[in-house]
Amino acid sequence: MGKLQFGLWDSFGVNEMVRSPVAADIYEDHIRQVQVAEQLGYNSYFIIEHQNSHVGQITAPSVYLAAVAQHTSVIRIGTMIYQLPLHNPMRLAEEAAMLDHLSRGRLDFGAGLGTHEHEFMRWNTPFEERREMGNESLEIILKAWTEDTVTYDGKYWQLDEALPFPKPYQMPHPPVWYAAHSTTSLEYAAKQNFHVSQNLDVDEVIAEKFDLYREAWKQCKHAGPMPQAFLMRPVHVAETDEKARTEAEPRILEADSLGSQDIAQTRIGFRGNTDTATRSDRARGSAEQRNSYDWRIENGLAIVGSPETVRRKLEKDLKVFGYDVFCANHQIGTMPFDQVSSSLKLFGEEVIPAFS
């Protein structure tokens, strides 16, 4: 395991997007924030794709990241995740390859399936078939990046001598990360030799899943070094523990429900993952426990405190999880932009250097 790398996670929730009637203003605020993160030593910047959703409103990830690439120079950029079943895989392969060129080889390709059924229903895409669709999609994407022509006869996509262009800037292709929560997904990521990411579960479950992935990877007997592990957590840093809690507690407790009520009032409504075979273990703990700020902090679902407190927590987690990339989400719920910016700066100035 090499030096710990730090990333910045961004989601653009619906409640943040109403801060300005013009989306361009929000995009520009965040691009400036990425520039600050780059100067502070964050290694990477990740966004998440959602469609028809309150969770995140970057609906065209490649377009946004192309703008980020043109306003930065060294920070790596990526989507964690692209929702594979909602894309034509050949078009996505070409978009990502072009983005890799526009960033001069700074793209990390995060792949996943999606967890909210209502996002799929609104596009008439079969939610229950998303795993099979995702597997086909990734197979086509890797072929498009490494082969001159692609002929493919699958259940969901058929190609006849497609001519993908361009090939990626990075050879043979950008690093591929897979967001894996179920045992099936973890074993798939290990078999494919993909890097793996986590973000939803309590600490105990995260540790179990990283262990499962590493054991499955060893059983595959891949050549070369073990892929990396990525963990995202909401993080708020302030000058003191007391101030950090005062600012973060109401935002953490509101974050899960923000925006979902409006979607629930639509004709289709709000539907999460009802597939018990693949549902995340984030539900470990009663509803009463999960509505407790202290329970969430104790179980690692957020990291809040002074720089020293946050450093100690990360040092402890690093020994337990052995992750390679820690990604901090400073935009928690409706937290004001000035508090988000202050947390990002304190984390960059007083936490990241402790791990160099």
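Author: Leu314 touches Phe6, Ile303, Tyr323, Phe326, Phe347, Val351 and Phe355, where residues up to four places away in sequence are not counted and contact means heavy atoms within 4.5 Å. This is a predicted model, in which local features need pLDDT of at least 70 and side-chain atom pairs count only at pLDDT 80 or more, while totals for chains, interfaces and linings use all residues. Residues are numbered from 1 along each chain as its sequence is written, and side-chain values use heavy atoms, with hydrogens and water left out.

Leu314 is also among the residues with the most contacts inside the largest nonpolar core, together with Tyr45, Tyr64, Phe109, Tyr323, Phe326 and Phe347, and this core has 77 residues. A nonpolar core is a set of buried Ala, Val, Leu, Ile, Met, Phe, Trp, Tyr and Cys residues joined through side-chain atoms within 4.5 Å, buried being under 20% relative accessible area with a 1.4 Å probe and protein chains only. Helix α6, residues 130-146, gives the most to this core, with 7 residues, helices being DSSP runs (H or I) of at least four residues, numbered from the N terminus.

As for the cysteines, Cys327 is buried, with a relative accessible area of 0%, whereas Cys220 is partly exposed at 32%, partly exposed covering the range between buried and exposed, the latter being over 50%. The count comes to 0 disulfides, a disulfide being a pair of cysteine sulfur atoms within 2.5 Å.

Key:
Helices (H or I, at least four residues) and strands (E, at least two) are DSSP runs, numbered from the N terminus.
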